[in-house]
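Visitor: Hi! Could you walk me through this one?
Guide: Happy to. Here it is.

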Amino acid sequence: MPDASTGSAVAVLTAAGSGTRLGARGPKALVEVGGESLLHRAARGLLESESLDHITITAPDTQVERFTAEVADMAGDGQITVVAGSPASRQASVALGLAAALAARPGAEVVLVHDAARALTPPELIRRVVAAVRAGHDAVVPGLPVVDTVKEIDGAGPNPAGEQVRGIEVDYVVGTPDRARLRAIQTPQGFTRSTLETAHRLGADVAGDEARAARDDASLVEAMGKRVVVVAGDPLALKVTTPLDLALARILARREPVQP
């Protein structure tokens, strides 16, 4: 019987984003942070965790050769492959990457899904997620306590969200969740192979519609009724989405400890 405690582990590294919100002139994953692309840094972090047997990168369909060249220095013995993602949604891209990763390592029983935009993620966090899956959890996500007060807004009704009131765009608050019960979720997210395969199969009907597609893979597992557990995240696993995020990542990269 397949056993996640001893089976090999693979990762799907999602890197097919366009970088529109970042203001990038090309693929976001190729934006440099400290002289190294987000893609290269993210792949290097996965390898330095020494927890994985293979990494499959999902790239924009016109950039497969360029992305392959970007990680060529780390891809010895087929340890990294690059495949085209999907323009439809992140969920659809992960499904393609998952199929490719399992084709490359048919015996894999642990699968991580990671975002290239979280390029500063420490290897220790990656090891923590893998260890939790191997300990018997079907779905594991890293998360940080939420420090801001969070408000839920009403996007419907007589005063829909975004209404102009005396020239000012406003939203209406309908609730204030207890932030002690909230976590800001990061990647990599880890799963047993069977859990992630089943989740993507059952959720495939929404993958082609960005508006309906799952925002992360754990959401697909939640929709199955399976338990998802949270382990401690890391502030360095921030997601580079906006110019401010990029500026912060570049500052942090200059302070990164040199790997032995």
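Visitor: Which residues of helix 1 are buried?
Guide: In helix 1, the buried residues are Leu38, Leu39, His40, Arg41, Ala42, Ala43, Gly45 and Leu46. Buried means under 20% relative accessible area, with a 1.4 Å probe and protein chains only. This is a predicted model, where local features need pLDDT of at least 70, side-chain atom pairs count only at pLDDT 80 or more, and totals for chains, interfaces and linings use all residues. Residues are numbered from 1 along each chain as its sequence is written, and side-chain values use heavy atoms, leaving out hydrogens and water.

Visitor: So what does that say about helix 1 as a whole?
Guide: Helix 1 covers residues 38-48, and eight of its eleven residues are buried, so it is largely enclosed by the rest of the structure.

Visitor: And what comes just after helix 1?
Guide: Glutamate 50 does, with a positive phi of about 55°.

Visitor: Switching topic: how many helices and strands are there?
Guide: The protein has seven helices and 14 strands. These are DSSP runs numbered from the N terminus: H or I of at least four residues for helices, E of at least two for strands.

Visitor: How much of the protein is buried?
Guide: Buried residues are 45% of the 260 in the protein.

Visitor: What about contacts?
Guide: Of the contacts with a separation of 6 or more, 76% join residues 24 or more positions apart. Contact here means heavy atoms within 4.5 Å.

Visitor: Last one: what are the spans of the C-alpha trace?
Guide: About 65 × 45 × 35 Å along the principal axes.

Methods: Buried means under 20% relative accessible area, exposed over 50%, partly exposed in between (1.4 Å probe, protein chains only).
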